[in-house]
Amino acid sequence: MGLAEQFEKEKLIIGFIYNTDEAFEKALEIMTERFGPYDFETEEFSFTKEFSDYYDDELGGEARRKILSFRDLIDPTLQADIKTFTNEVEAMLSIDGKRTVNLDPGFMSHGRLLLATTKKTGFRIPLKDGIYTELTLFYARGGWQKLPWTYRDYQSERVQKFLTEVRREYLRARKNEAGIL
């Protein structure tokens, strides 16, 4: 019989999709108030031009994208609570019932990236309160491996390079937390 142990803390990442600098700045301020400082971020890129215009109508123009990782490691059992919080922030920052920012939290461990969602489908795992998680990428053979449902932006070289950098920092922080220097 195996013994249940505490889960290791993991690296929080949050994807931001927005149309204006103001929307991004407001959301970022709230995220750093709640989760502490971020340590890595992608360059801003056009989600619309590179991947999809899915968010353009709701955001009121071209959707831009950044993904950030947060310095402090977090208990991964909080993923549903964090997604609920980011949904509340999206609603709070909405104007006339339309979001100004889309926030997608996820957790990175040494071997995988999970993203939280409210969208139910066969490959997503229910957590609680209508929140699901999905294995978006896994790390094997020296790199990130996609799955049939992996979002196109997470398959991109830019995002995978960012995730590799974040993973390096996570592995370092994990050793520090365990007292292994």
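This is a predicted model: local features need pLDDT of at least 70, side-chain atom pairs count only at pLDDT 80 or more; totals for chains, interfaces and linings use all residues.
**Cores**

The largest nonpolar core has 21 residues. Leu-12, Ile-14, Phe-16, Met-31, Phe-35 and Leu-103 have the most contacts inside it. Strand 1 (11–18), helix 1 (21–35), strand 4 (64–70), helix 4 (79–92) and strand 5 (101–108) each supply at least two of its residues. Helix 1 gives the largest share of this core, seven residues. Another core, of 20 residues, lies apart from it; Leu-59, Ala-63, Leu-113 and Phe-162 are among its members. In soluble globular proteins, nonpolar side chains tend to be buried together.

Which residues does Phe-35 touch, not counting those up to four places away in sequence? They are Leu-12, Ile-14, Phe-70, Asp-72, Ile-74, Ile-82 and Phe-85.

**Helix 4**

Helix 4 has 14 residues. From first C-alpha to last it reaches 20 Å, close to the 20 Å expected at 1.5 Å a residue. Its buried residues include Ile-82, Phe-85 and Val-89, along with Gln-79, Lys-83 and Glu-90. Their cover includes strand 1, helix 1 and strand 5.

**Strand 5**

Eight of the eight residues of strand 5 are buried. Both faces are covered: Val-101, Leu-103, Pro-105 and Phe-107 lie on one side, and Asn-102, Asp-104, Gly-106 and Met-108 on the other. Strand 5 pairs with two strands, as tabulated here.

| Pair | Sense | Bridges | A bridge |
|---|---|---|---|
| Strand 1 and strand 5 | antiparallel | eight bridges | Gly-15 with Asp-104 |
| Strand 5 and strand 6 | antiparallel | three bridges | Gly-106 with Leu-115 |

Strand 5 and strand 6 also form a hairpin, with three residues between them.

How values were computed:
Residues are numbered from 1 along each chain as its sequence is written. Side-chain values use heavy atoms; hydrogens and water are left out. A nonpolar core is a set of buried Ala, Val, Leu, Ile, Met, Phe, Trp, Tyr and Cys residues joined through side-chain atoms within 4.5 Å. Buried means under 20% relative accessible area, exposed over 50%, partly exposed in between (1.4 Å probe, protein chains only). Helices (H or I, at least four residues) and strands (E, at least two) are DSSP runs, numbered from the N terminus. Contact means heavy atoms within 4.5 Å. The expected span of a helix is 1.5 Å times one less than its number of residues. Two strands pair if DSSP finds at least two bridges between them.
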